[in-house]
Structures are given as C-alpha cells and as structure tokens.
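Thanks, everyone. I'll keep this short. Please look at the screen.

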Amino acid sequence: MSLSKGDADYEPLREAFLAYYERGMLGQSRLFDGAEMVFNELERRGLPWGIVTNKFSRFTGPVVQALALAERAATVVSGDTTPTPKPHPAPLLHAARELHIAPTRCMYV
C-alpha cells in the first residue's frame, strides 16, 4: 500500500506510526560506534559540536537527554527547527549560526 499526504488515511496512519515510534524510541536509540570517542576528542580540544537531525523536536529532546548529550552538545537542530530538513543546507547553516562559526569552518559528519 502506498499513501501520499493527500490521501484521507495518510494523517491518521502517520500519527499512529509516530506514536508507536515515540513509545519505543528510548529503548532503541544509541550512539553510532565511535561517536563517544569523537565527542571526547572534540571536547578535549575545546571544539564545540552539535547535533543536526531530521527527528522532530518532540523526539529529539528526549533522545538527546537519554543519551546524556544535552549538556555536551553546543547546539541541537531538529527536523522541524528550520522550514526545510536535511539534505537541504538550512539546518546545517542554522547550526553554524548557533555555534557562531562560519559554515566554511564547520565539518559535518
């Protein structure tokens, strides 16, 4: 079955999926292998880092808290922070502004 935003069933099914995701997200979310090592090295060098995700903010906050990243990340940009999500550059440019760093001086991994 394929639905699009214009279909009558789209929004109720989308909301049901998001509720299902929300109930299980904290049990399944984890850092990528090696991420902790990278964060530690960035912090050791005094380099600010942030999170740019396509997760809606209603999901991002709890996941970032559960992974103990809220106090460490200098910025957190969710999929609904800017009008357009990744791969559009708007979220990354927003993060650069939040960090007060020129985009040309940022690295996205």
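A salt bridge here is a side-chain nitrogen of Lys or Arg within 4 Å of a carboxyl oxygen of Asp or Glu. This is a predicted model, where local features need pLDDT of at least 70, side-chain atom pairs count only at pLDDT 80 or more, and totals for chains, interfaces and linings use all residues. Residues are numbered from 1 along each chain as its sequence is written, and side-chain values use heavy atoms, without hydrogens or water.

Salt bridges, then. The whole structure has nine. Asp 33 pairs with Arg 30, with the closest N and O atoms 3.5 Å apart. Asp 33 is exposed at 71% relative accessibility (buried is under 20% relative accessible area, exposed over 50%, partly exposed in between, with a 1.4 Å probe and protein chains only). Arg 30 is exposed too, at 61%.

Next, Arg 72 and Glu 43, at 2.9 Å, N to O. This pair links distant parts of the chain, 29 residues apart: Arg 72 sits in the loop between helix 3 and strand 2, Glu 43 in helix 2 (residues 35–44). Helices are DSSP runs of H or I, at least four residues, and strands are runs of E, at least two, numbered from the N terminus. Arg 72 is partly exposed at 24%. Glu 43 is partly exposed at 33%.

There is also a network: Glu 11, Arg 14, Glu 15, Glu 22 and Arg 58 are linked by salt bridges.

Last, a loop residue. Thr 82 lies between strand 2 (75–77) and helix 4 (90–99). Is Thr 82 buried or exposed? Buried, with a relative accessible area of 10%.
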